[in-house]
Amino acid sequence: MEIIINLFNNWTTFEKVNTLILILIILIVIPGLVWIFTKQAKLAHISFDTLVIAGLLTLITLLITNQFFNIAISYTYKLIPFIVFFITILCIGTMTGFYMQNHKQREFDMTKVKNEAFNDAFRLTISCILLFTAFALLTPSILLPVLLSLGLSLVIIWINYLLVCKLLK
Amino acid sequence: MKLPKLKLNMNVKPLLNYILIIVVTALFIASIFIALPLTEKYVSKATYNLNTKDKAYWSQEFIVSTEETDAKSLNDLRNIFYKRLKGFGVEEVSTYVENDKIRIDVTTTQDKDLVKELISNKFEVKIVTRKSDVNFDDSNNTYAYMLGTNYDATQWDRSDFRNVYITKLKTSNGDYANFAIFKLWPAGEEKFKKFLLQYNGISIGIDIDGFVTPHVVDNTSQIFAIPISSDDPQQLKVMSLLYNSGIVKTNLKIDSQKDLDVNVPTVNYIQITLGILVAIVVLYFYLFISKTTSSEILLKSLLATTLTISLYLAFLKIFQIPVDTFMLSIEAILAIMVTRIIAEGKDSVFYIELFLLIVLASVIFLGNGFISIIAQDMLILTALSKLCLVISAWYINKVKKI
């Protein structure tokens, strides 16, 4: 906790305000848009939960890396939240897109969203593993941050799928 | 004698299509070759080497002391320093309050002297009038007009102006020169006009940290502008930031500055290219054998991915835009993923693009350091990937017809 307080105290008010606005945009605007497009509170709920979990997991991972493994959080590590949120946005975008394209069909039910979420999660997992591994092996100077980004991205992709299964009953 | 008529029963359209396809293919191949590493070794007529930032980074710690040391003054000053340095494009800025002083850690590729200028200047702006007892025409003191001590303060200072806009204006000679235009808050406009009316045709001055720029008041002019001697865009940017990043209320000075170790990671460009090639080959080989995607989409996606990355790298190389190599590899991974998802998911393209646009634009404006830079690059890459998908679909369609 001390590290977070120190980090927060070392930020200028300008940085704190900017970061707060950024977090609010990501956590409110994206689920808000999902709700506006789909009119499905559950899908907006899933988007919000995925984004919050992505943020918290990234923060915890960086804290563990710093505290328990004594690794300094350098500039490359600061890009991890960006990569994780980027992939989370891809998950939310594909889910919303599939719902919007198919919800007017006669035989549509939420099971189809679940099945599609599984397919998307599977495809994204394969893409992430292949791409990140290829780069991690060939660019050893950024091996650890790339592997951490991969791990976190995979966890978030499947958490998103689990949330779809749990909330879309 | 009548010449026999030569009838050419030729359809020109397919021929033009052939030529177009040949030209486009040549452009595709050219962009790939330019993007590949070591092109500069084989092409002597143009510089195609990647302009990396790796060796240009420097890192320094500045300790700044101030007259007022209460928490509010120090925090206000930290905000101003942060806005100045971020606005100038300094990659990483950290500010701390330690022992009633401000410590600023900077890691950047920007000009050292200009960065120091942004930290060391208070930039206190006041409008002043000439003291009646000072001889400004004294040949023994030709700099009398420049010294702030020779002027009387007025009620007008930087806080009365909304912002100071630097732009080129026509001078009385008909040439163009840079001027700082002082834009008033609407409430103060009438009062300022009345103030200037008293000095019509008389020289007053704008005092910046004790040095005065004279200004002859002309009431026929609609704007209040003072000339700027520099023509250097970087220097002008610094001036604009010093004018507009906030008002420093306390005197300050740099107590010390110390070099720090630069720990920005670097990645060999050849390794990155190899990484991109291996990643694309492995991913598309898997997609091909797994039969999860139709061959048509796969081909379009592969062509678009190759084009997106090679056009982006070729653009960076041709225009010599400085890049961070460690970010290039992460950008490549995300660009490959975005292109593939956009190529495959027709139904979700709009939503993915909209969400990415909102998030990336917000990060560009509100994020800091490298996160802001990578968001900017990803916005360009996402737009490029969309364009390349359209071009790829058109190209494949044309080639099929042939």
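Which side chain meets B:Lys386 in a salt bridge? Point 1 takes this up.

1. The partner is B:Glu353, and the N to O distance is 3.5 Å. This is a predicted model, and the distance is computed from it. The pair links distant parts of the chain. B:Lys386 sits in helix H10 (residues 369-401) of chain B, while B:Glu353 belongs to helix H9 (residues 349-366) of chain B. The two residues are 33 residues apart. B:Lys386 is partly exposed, at 35% relative accessible area. B:Glu353 also counts as partly exposed, with 21% relative accessibility. Buried would require a value under 20%.

2. Salt bridges also form a network. Shared partners join A:Asp120, A:Arg123, B:Arg340 and B:Glu344 into one network. Please look at these four residues together in the viewer. Over all chains, the whole structure holds 16 salt bridges.

3. Next, B:Arg103 and B:Asp105. Their side chains meet in a salt bridge at 2.7 Å, N to O. Are these residues buried or exposed? B:Arg103 is buried because its relative accessible area is 17%, and the cut-off for buried is under 20%. B:Asp105 is buried as well, with 14%.

4. B:Lys253 and B:Asp255 form another salt bridge, with 2.9 Å from N to O. B:Asp255 is partly exposed, and its relative accessible area is 32%.

5. Now the helix packing in chain A. How do helix H2 (residues 13-38) and helix H4 (residues 80-102) of chain A cross? Their axes come within 10 Å, and the crossing angle is roughly 10 degrees. H2(A) is therefore roughly parallel to H4(A), since angles under 35 degrees count that way.

6. The contact between these helices can be listed by residue. H2(A) contributes A:Ile26, A:Ile30, A:Val34, A:Phe37 and A:Thr38. H4(A) contributes A:Phe85, A:Ile89, A:Ile92, A:Thr96, A:Tyr99 and A:Met100. By class, the contact has nine nonpolar and two polar residues. No charged residue takes part.

7. The annotation deserves a check against the model. An unreviewed UniProt entry marks "transmembrane region" at residues 20-38, 50-73, 79-100, 121-138 and 144-164 of chain A. What does the model show over residues 121-138 of chain A? That span is 100% helix and 0% strand, and its end C-alpha atoms lie 26 Å apart. Residues 144-164 of chain A are likewise 100% helix and 0% strand. Here the end C-alpha atoms are 30 Å apart.

Definitions and conventions
Residues numbered from 1 in each chain as written. Chains lettered and ligands numbered in written order. Predicted model: local features only at pLDDT ≥ 70, side-chain atom pairs only at ≥ 80, totals over all residues. Heavy atoms only, no water. Buried < 20%, exposed > 50% of the residue type's maximum accessible area, 1.4 Å probe, protein only. Helix = DSSP H or I, 4+ residues; strand = E, 2+ residues; numbered from the N terminus. Axes fitted to C-alpha atoms, helices over the stretch in contact; angles between N-to-C directions. Parallel < 35°, antiparallel > 145°, perpendicular 65-115°, else oblique. Contact = heavy atoms within 4.5 Å. Nonpolar A, V, L, I, M, F, W, Y, C, P; charged D, E, K, R; others polar. UniProt positions renumbered as here; feature names shortened; annotations may be inferred.
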